[in-house]
Amino acid sequence: MADTAVQEEALSPEFVFTSEQKDLRKAVRELLADRADEATVRALMETGSGYDPQVWARLGGELGVLGLAVPEELGGVGGTLVDQAVVAEEFGAALLPGPVLGTVGLAIPALVALGAGAGSETAELLEALVAGTRTAAFAAPEFGAAPQVTSTGDALNGTLSQVVDGGADVLIVAATGPDGLGLYATEGGERSRLSTLDQTRRQARVVLDGAPARLLASGAAAEKAIAHAQRVGGVLLAAEQVGGAQRLLDLSLAYANTRLQFGRKIGSFQAVKHRIADMFVLVEHARSTAYHAAWALQDGSDDPDLAVSVAQATCSENYQKVAADTVQVHGGIGFTWEHPTHLYYKRAVTDAALLGSAAAHRDRIAALVLDTAEPTGRATVAQG
Amino acid sequence: MDDSARVEKAARQVVETHDPKKVPLREFLGACYDAGVSWVHFPEGLGGLGVSRGLQAVADEILQGAGGMNPFAINPIGHGMAAPTVLEHAQGDLAAQLLRPLASTEHIWCQLFSEPGAGSDLAGLATSAVKDGDEWVINGQKVWTSLAHRARYALLLARSDPDAFKHKGLTYFVMDMQAPGVETRPLRQMTGQAEFNEVYMTDVRIPDSYRLGAVGDGWRVAMTTLMNERSSIGGSSSVRGVGAIGDAVDLWAARPDLRTPVLRDKLAALWTKAEAQRLTDQRARRSAGAGSPGPEGSIAKVVSAELNQAVYAFCMELLGPEATLYGDYTLRDIGRMEDYRGGVQQRFLRAQANTIEGGTSDVLRNVIGERVLGLPGDLRADSGKPWKEIPRG
């Protein structure tokens, strides 16, 4: 594993899912079909908190799927990031409302990266997040930029204009303090819910005006925790994107196989068929990159930053394209409020903007593979 | 001894007794055949050891590691497509007679499938096969035939019954390219080179014993060949950053004077897509290796063909005015496929064929839509009619 505690469970070869992982997928899918179906998601969109805390607690408690990659010595089940990605894919397929990205994607991995020596309060917080009894959000600039929030040591100041899941119980915040970079936990701050494009993934504006905070880590340890959280978050967000894109492909296929125009199923027209074939390519590419990144972070088989950026650059673009194509395949109905496509479309656009845009990830890919490339003489150029 | 150890032992014996750096190529490859490591999944005595196909990698690593040439590079159609087709469908001792010289590359093979009037709609082909005693008489024209000018044998698909439905009236043969009435002409392509040929057949006689499969069963036999073609064209390397994208990165590295931020983002996007497809190929191999090939394997050819074009188009854009220069349009007679690569400008032109050869991207998208995703077929103007009543042109 690249940069966190060694896992207990043996990892299967890349892209090979164990029977336990298949069972896990089935169990989560069944619960979500029952408790996060489209009607429920739409109802939750209209509520204040935006999610159902009882379902969240069930996912954490009964199913135990919110912190699968938490090592045993930190009170977790010692599963793998691949397990958690399988679950995230199902969350994304259902558009599960709730602090999926803030808590599962970012806060839990940040606390895991702090390790066993982080103190009992941190251990208790991690335990509560994993159990689904408390929630957390995470705010740190991407790609190692300096935070705008400042710290006095035990209080935070500054404004975070957009925090995903910013209404959560606890905020894990990167701040510049008297001794440089630090990672803090705060329950304070003035949180204002923002009106968002995607109503299933909430954001808040957070004003920290002397909000009491507890230092979790500083210096290199804070940097490491932030980097780990953002890598894991990138993988799990990519897995969510795969789940959503696959659901849209399924919807499009079902529609093209039933909708009749000119006396035939529209899927028999090559213009429609080829569009759907291309959607399939996009989904398969997304899946390959997301799970490669999950395996790479887990077993250290690839540069984690490269694997995550490939996954994020691919999944962000492909999910959006598949969503736009899904509107097109459905024609007018795909543009209506009643049809589920717009919920996914808005999620796709939102996800693409979180944790670094596709362009930002391509920039990192270029830095890793193009800027440093050495010529081999393989590509010859004719000189006339 | 388990199968893997058997393969390893056989391959090691070949390189010990026939050091590929010392003995002539055909002798080395002939020894591979005799030892059963040409196609390890073939039966013993016919170039194989009767073990799992996946173990070929074990043999190849040893053989190529010792400096042995991959026969696929010299005899791609013979080694990759003819051999499995002959093994599965040849009568009597024909396979035993044909496979060893094929494996040693003494006999190069070609494939006579496409015709001027039958490209994507291969089953509509018109070359006729008429039975005459113990022989068949062949008349017609084939096109896009790689290596025909060097080939000793051809895989031939011909129409034996024009009154049958088009897929039902075909019969499959092995044809001797040195038989009277076979004429091969180079087909020059936009690169200036001629990787392909036209082959004209005028009253060519083929013994009935060289028929593969039953009379009228040619389409099914051809599927054996084509399945092997798609997998050999589609499967990209498991190594990151080789192939077309490797050329582009190499050019990028060699020419810092041409870099701009916009081109950098373009190349990063192409690299990312190539990486996504490489990972998808790996995933497909994993699921195929686990005995349950997934649908992801079907996209390799479509994606890699279009990616090659996009990558070489990028190289041309990067080069600016230099892209408008060219090496040489002189037609040369060269042996191996890879010798046709030339400079980046030639590779760019060559890539334009990628979305056509081995199944056009248009048809492959139909295949993905219909066979992989289960979408309904298009309306067809040729269904339910005997071949001779189908409009052609």
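What radius of gyration does chain B have, and what value would a compact globule with 393 residues have? In this predicted model, chain B has a radius of gyration of 22 Å, which agrees with the value near 21 Å that a compact globule with 393 residues would have. Along its principal axes, the C-alpha trace of chain B spans about 70 × 55 × 45 Å, and 42% of the 393 residues of the chain count as buried. The secondary structure of chain B comprises eleven helices and eight strands. Among the contacts in chain B that link residues at least 6 apart in sequence, 70% join residues at least 24 apart.

Chain B is divided into domain 1 (3–69), domain 2 (109–224) and domain 3 (235–359), and the C-alpha centres of domain 1 and domain 3 of this chain lie 31 Å apart. Helix α2 of chain B, residues 25–35, has as its buried residues Phe28(B), Leu29(B), Gly30(B), Ala31(B), Cys32(B), Tyr33(B) and Ala35(B). The cover over these buried residues of α2(B) includes α1 (3–17), α3 (56–65) and α5 (94–103) of chain B. Just after α2(B), Gly36(B) adopts a positive phi of about 85 degrees.

Most residues other than glycine have a negative phi. Phe15(A), although not a glycine, has a positive phi of about 75 degrees, and Phe15(A) lies in the segment before α1 (19–35) of chain A. Because 23 C-beta neighbours lie inside 10 Å, Phe15(A) counts as buried. Asp203(B), likewise not a glycine, takes a positive phi of about 50 degrees and is found in strand β7 (residues 196–207) of chain B. With 12 other C-beta atoms within 10 Å, Asp203(B) is exposed, since a residue with 12 or fewer such neighbours is assigned to that class.

Between the two chains, 41 residues of chain A are in contact with 47 residues of chain B. On the side of chain A that touches chain B, the elements that give two or more residues are α7 (219–256), α8 (270–299), α9 (304–330) and α11 (358–370) of chain A. Of these, α8(A) gives the most, with twelve residues. The residues on this side of chain A divide into 21 nonpolar, 14 polar and six charged.

Methods:
Residues numbered from 1 in each chain as written. Chains lettered and ligands numbered in written order. Predicted model: local features only at pLDDT ≥ 70, side-chain atom pairs only at ≥ 80, totals over all residues. Contact = placed C-beta atoms within 7 Å. Helix = DSSP H or I, 4+ residues; strand = E, 2+ residues; numbered from the N terminus. Nonpolar A, V, L, I, M, F, W, Y, C, P; charged D, E, K, R; others polar. Domains from an automatic or database assignment. Buried ≥ 20, exposed ≤ 12 C-beta atoms within 10 Å, placed from the backbone. Rg over C-alpha atoms; globule rule 2.2 N^0.38 Å.
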